[in-house]
Amino acid sequence: MAYNKNGDVIKIPTNQLPVKLPENINLKEKGNPLDKAKSWKNININGIDYFRETDTLDTFVDSSWYFLRFCSPKNKDYGYNIDEINYWMPVDQYIGGVEHAILHLLYSRFFMRALNYKNDQFKITEPFEGLFTQGMVCHETYKDENNNWLSPEEVESKDGKNFYIKNYPDKKAIVGSSESMSKSKKNTIDPEHIINNFGADAVRLFILSDSPPEKDVQWSEQGMVASYKFIQKFWLLHKKIKEKISLDGNKNKDLDNENLSIYTNQLVKKITHNLEKFNYNVIIANLYETYNFLIKAIEKPIESKKLLENYQKILKLINPILPHISSECLEDINNKFNLDWPEVEEKYLVESNVNIVIQINGKKRSLMNIDKNINEKEVIEKVKLDSKIKKYLENKSILKSIYIKNKLINLIVK
């Protein structure tokens with residue numbers, strides 16, 4: 001494309017195509033070096049002076065095919081190797097901010113179709129099989145009285161209500177709305193500062209725990225501190241577990257192995273499911289539950305071999321969330337560990353007990369946890385002993401019972 005002095009745009013005539021870039025160009029020029037290449041930039045078309053378009057390669061052009069290059073990073077002769085493309089592509093899962101869902105993905109799909117057009121070897125038309133759009137990390141915005149953006153580091157407040165420019169107590173800072181972090185609005189947080197103060201694990205834990213990944217995250221210093229403290233607590237728990245493993249040996253047979261194995265295998269199933277469904281905030285809830293479970297579990301007699309086996313599995317399960325501390329814990333108890341994902345042992349997922357609904361004359365009055373598959377007569381005897389049900393049975397006769405195995409019992413009384 002080319003422009004005249006009024007800014008009107010025209011196409012370069014066919015007889016002047018293809019447009020070749022200049023070979024002798026100063027790449028040390030500030031800005032776009034093509035703007036300084038006057039002999040190339042300025043052209044004459046049909047006796048009228050024009051200048052060429054110098055913005056020749058938009059960044060979206062690069063990001064619209066980079067995944068093909070990732071398949072063939074060592075190919076020095078061409079951008080990709082067709083056999084490697086056919087092996088690796090399409091990408092199984094694309095995860096990105098919602099702003100990418102329009103331009104970047106649209107251009108990527110266009111590129112794949114362009115490469116596929118009349119090309120029997122290139123069989124890819126859709127670059128990504130799955131799309132998950134994540135929320136943005138947000139922070140309050142600040143401005144001075146002249147409407148200039150201020151960074152969080154330039155602002156201070158003693159009461160949390162009135163904000164001032166740091167070191168200038170007479171100059172007020174205006175607090176704006178919370179918006180997605182961007183350099184232009186200066187509402188970013190220095191990652192190096194956060195990692196040095198809290199560690200990368202704490203940052204990951206906070207961002208994942210705050211809300212579902214498709215929602216925006218509101219940055220919070222208090223949230224960061226809470227995540228940091230939890231990691232310290234987990235390390236103290238690890239030290240207790242390690243001591244328990246070394247002290248108990250394998251002689252203690254008055255054990256609570258079954259409950260630990262059941263819990264661990266249920267956890268494998270939960271976290272595997274939640275990872276696949278992007279329920280990252282639910283995984284954090286699973287992590288807190290596991291911490292509380294382990295605190296109580298190590299107070300009971302447990303065979304050290306079983307404790308070690310299950311604890312290693314738990315550490316591997318939390319590795320995607322807390323990679324640094326979980327790896328350190330694994331190395332601390334077993335320096336030959338691997339990170340193979342734990343598999344569910346189905347035998348531990350079979351529930352021996354069930355909760356059944358207790359109804360009196362069709363109205364729900366209680367829930368009872370009973371052994372699975374027991375007969376109706378045994379259920380009725382247990383119901384009669386239930387403290388919540390006794391008042392409904394006083395001075396009354398049971399005329400009939402309706403029993404749905406492992407689910408419900410309805411006593412008709414008069």
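In what order do the four strands of the open sheet with antiparallel pairing stand? The order is β2-β1-β4-β3, where strands (E, at least two residues) and helices (H or I, at least four residues) are DSSP runs numbered from the N terminus, and two strands pair if DSSP finds at least two bridges between them. The model is a predicted one, in which local features need pLDDT of at least 70 and side-chain atom pairs count only at pLDDT 80 or more, while totals for chains, interfaces and linings use all residues. Residues are numbered from 1 along each chain as its sequence is written, and side-chain values use heavy atoms, with hydrogens and water left out.

In this four-stranded sheet, β2 (9-10) and β3 stand at the edges, each with a single partner strand, so one side of each has no neighbour in the sheet. Strand β1 (residues 2-3) pairs with strand β4 (residues 48-52) in the antiparallel sense over two bridges; here Y3 stands opposite F51, and the bridge partner of A2 is R52. On β3 (residues 42-45), which pairs with β4 in the antiparallel sense over four bridges, N42 stands opposite F51. The strands β3 and β4 form a hairpin with two residues between them, and N46 in the turn has a positive phi of about 55 degrees.

A further open sheet holds three strands in the order β9-β10-β11, again with antiparallel pairing, and its edge strands, β9 (155-156) and β11 (168-172), each pair on one side only. Two bridges join β9 to strand β10 (residues 164-165), with V155 standing opposite I165.

With neighbours within four places in sequence left aside, F234 is in contact (heavy atoms within 4.5 Å) with Y291, Y311, L315, I318, I325 and C329.

The volume is the space filled by probe spheres set on the points, which are joined across faces, edges and corners. The largest pocket holds about 460 Å³ of space, and of the 18 residues that line this pocket, the closest to its centre are H139, E140, Y142, P152 and E221. Two or more lining residues come from each of β7 (137-143), β9, α6 and α8, and β7 gives the largest share, three residues. By class, the lining of the largest pocket has seven nonpolar, six polar and five charged residues, where Ala, Val, Leu, Ile, Met, Phe, Trp, Tyr, Cys and Pro count as nonpolar, Asp, Glu, Lys and Arg as charged, and the others, Gly among them, as polar.

The second largest pocket holds about 380 Å³, and of its 19 lining residues the closest to its centre are Q134, I207, L208, P213 and Y280. Of the elements involved, α7 gives the most to this lining, with three residues. The lining of the second largest pocket has 13 nonpolar, four polar and two charged residues.

Some backbone features remain to be described. Most residues other than glycine have a negative phi, and most peptide bonds are trans. A cis peptide bond joins L17 and P18, with omega about -5 degrees, and P18 is found in the loop between β2 and α1 (38-41). Another cis peptide bond joins M89 and P90, with omega about 0 degrees. N167, in the loop between β10 and β11, has a positive phi of about 75 degrees although it is not a glycine, and at 66% relative accessibility N167 counts as exposed. N406, in the loop between β16 (398-404) and β17 (408-413), has a positive phi of about 65 degrees but counts as buried at 19% relative accessibility. Buried here means under 20% relative accessible area, exposed over 50%, and partly exposed in between, with a 1.4 Å probe and protein chains only.

Notes: 1 Å grid on protein atoms, 1.4 Å probe; cavity = no way out; pocket = protein on both sides within 12 Å on 5 of 7 lines; lining within 4 Å.
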